[in-house]
Amino acid sequence: MKREDWGIVPYEIAWKRQEELFNSLVRSKLEKSSYTNHIVFVEHPHVYTIGKSGKESNMLMSNSFIESIGASIYHIDRGGDITYHGPGQIVCYPIINIEEFDLKLRDYIYQIEQAVIETCAHYGIEATRVDGATGVWLDKGKSSERKICAIGVRCSHFVTMHGLAFNINTDLNYFSYINPCGFFDKGVTSLQKELGHEVDIKEVTNILYERLITNITKKRL
């Protein structure tokens, strides 16, 4: 599993680089030749992405307003609805052959969620899953229920791309302009907001990477 840290990259450029890695891995798999699995970490300038099942009505602003706040918007080929990416957020793109690790797509998403849950636990934050809502949440079942990590994946030939967006020191105001992931009655949060201070994003990335490796590659019973 090769780790790549791309730094801050505009969304369109990162998407193209993802696709190159994804297409290469799929091609190698079909040809039964050697390949490399990748886990990519990146931050993006302000951007909104809408997945295949996304609804325009969940974008609560005009194109001119998007420009005025220094953001852009892309319709992309992952699952899920609309979400936000920006500075202070860990965006992770695992581009891997999940079949190598005896994973179905649902199992793979579960293991990604588990890695984030365990990373939150490292900082003393109790996070969990919510039935019918992909991602990682706090205060499940309460009026204060809020999302700290969004997940949206594309999978073909058991090869994945896209991935997760984990709010660390994220400016949460940018979520107020959308119904995040299609929800209008749930909040969003970040590690910084929960802990009351800025967090070392490189430290969080290292912890998350170790948890992803452990959960994705562990032996299945």
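Q: Which residues have the most contacts inside the largest nonpolar core?
A: Tyr108, Leu164, Phe166, Leu191, Leu208 and Leu212 do, in a core of 36 residues. This is a predicted model, where local features need pLDDT of at least 70 and side-chain atom pairs count only at pLDDT 80 or more, while totals for chains, interfaces and linings use all residues. Residues are numbered from 1 along each chain as its sequence is written, and side-chain values use heavy atoms, with hydrogens and water left out.

Q: What makes a set of residues a nonpolar core?
A: The set consists of buried Ala, Val, Leu, Ile, Met, Phe, Trp, Tyr and Cys residues joined through side-chain atoms within 4.5 Å. Buried means under 20% relative accessible area (1.4 Å probe, protein chains only).

Q: With which residues is Leu164 in contact, leaving aside neighbours within four places in sequence?
A: Contact means heavy atoms within 4.5 Å. The partners of Leu164 include Ile90, Ile112, Cys149, Leu208 and Leu212.

Q: Why is one side of β4 and of β5 left without a neighbour in the sheet?
A: The open, mixed sheet has the order β4-β3-β5. Strands are DSSP runs (E, at least two residues), numbered from the N terminus. β4 (72-75) and β5 (82-85) stand at the edges with a single partner strand each, so one side of each has no neighbour there.

Q: What makes β3 and β5 a pair?
A: Two strands pair if DSSP finds at least two bridges between them; four bridges join β3 (residues 47-50) to β5, therefore they pair, and they run antiparallel. Val47 stands opposite His85 in β5.

Note on methods: Buried < 20%, exposed > 50% of the residue type's maximum accessible area, 1.4 Å probe, protein only.
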